[in-house]
Every structure is written in C-alpha cells, then in structure tokens.
Amino acid sequence: MPTDKKFDLGDYVEVKDRIARFYELYGQGRLVTGEVRLTNEPDGVPRVMVQGLAYRTPDDPLPGVGWSWMVLPGTTSYTKGSELENVETSAWGRAIGSLGILILSGLASRQEVQNKQGETERPTVSETID
C-alpha cells in the first residue's frame with residue numbers, strides 16, 4: 001500500500017562527499033561519463049540516461065558502474081535546464097556507491113530523494129555540487 005511518508009534525509013550522503021572520499025581512497029582514480037542515452041521508452045515520456053564509471057586505478061578492469069535517469073524537462077527549478085549535469089553527477093555517485101563507498105544508508109543521494117519528492121526550492125550553492 002503506498003504511503004505519503006517522506007524519507008529522513010539526514011542519513012543521506014551527498015555526491016560531493018562521495019566524490020571527495022573516492023579521491024581520498026584512490027588518488028589515481030577517475031570518474032568517467034560512459035554512455036548517454038535519450039529515450040522515451042517504454043511509456044513515451046522523454047528521459048536522459050547516463051552511465052557513470054568509477055575507475056580506482058588507470059587500468060581498473062572492473063570499475064564501479066552506476067546509472068541514473070531523469071525526465072525531460074526536469075521537474076524542479078533545480079533540474080530544469082541542467083538535466084544532463086544532474087544525471088551525470090548522480091550516475092557518478094552511484095558508481096562510487098557500487099564500490100561500497102559511503103553507502104551506509106543507501107545509494108540515493110540527498111538530492112535524488114528531494115528531486116523524487118518534488119522539491120521545488122532552489123538548493124544552496126553548497127548543495128548544487130552534488
């Protein structure tokens with residue numbers, strides 16, 4: 001049964017913090033944007049999908065992989081007009097999370113949860129980094 005319960009955002013780790021920790025652990029690592037797709041499948045709603053890759057070393061044979069998507073156009077004042085940037089950063093955060101870095105309370109970032117809840121307020125400058 002669906003509920004209107006909101007998530008407690010206090011435990012979510014922002015992507016900017018995941019990125020900082022990734023580079024602390026893997027100084028020669030790199031975050032790469034893999035595949036970018038525009039689609040309207042399966043329901044006719046336009047979306048952008050991005051694959052993020054987290055390489056721990058220059059020759060990492062099994063990088064962390066993460067995918068993220070967003071409806072086009074973005075539905076909040078924060079996402080509208082910067083959909084690709086938001087999805088790319090989210091995909092990197094998921095790729096880092098797939099390596100087990102800073103995922104104690106789940107893979108979703110604070111921003112992702114807020115966006116899914118329909119947050120319409122523009123975040124502060126420090127929040128726009130993730």
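Mentor: Before we start, a residue is buried under 20% relative accessible area, exposed over 50%, and partly exposed in between. Keep in mind that this is a predicted model.

Trainee: Thanks! Is Lys 16 buried, exposed or partly exposed?

Mentor: Look at its relative accessible area, which is 26%. Buried would need a value under 20%, and exposed one over 50%. Lys 16 therefore counts as partly exposed.

Trainee: In the salt bridge between Asp 60 and Arg 56, which residue counts as buried?

Mentor: Good one to check! The closest N and O atoms of this pair are 2.8 Å apart. Arg 56 has a relative accessible area of 24%, so Arg 56 is partly exposed. At 10% relative accessibility, the buried residue is Asp 60.

Trainee: Now for Glu 83, which has no salt bridge: what is the nearest side chain of opposite charge, and how far away is it?

Mentor: Glu 83 lies in helix α2, residues 83-98, and is buried. Its side chain reaches the backbone nitrogen of Gly 81 at 3.0 Å. A salt bridge needs the nitrogen and oxygen within 4 Å. The nearest side chain of opposite charge is Lys 80, at 7.3 Å.

Key
Residues are numbered from 1 along each chain as its sequence is written. This is a predicted model: local features need pLDDT of at least 70, side-chain atom pairs count only at pLDDT 80 or more; totals for chains, interfaces and linings use all residues. Side-chain values use heavy atoms; hydrogens and water are left out. Helices (H or I, at least four residues) and strands (E, at least two) are DSSP runs, numbered from the N terminus. Buried means under 20% relative accessible area, exposed over 50%, partly exposed in between (1.4 Å probe, protein chains only). Lys and Arg count as positive and Asp and Glu as negative; His and the chain ends are not counted. A polar contact is a pair of N or O atoms within 3.5 Å; within protein, one must be able to donate a hydrogen and the other to accept it, and residues adjacent in sequence count only if both atoms are side-chain atoms.
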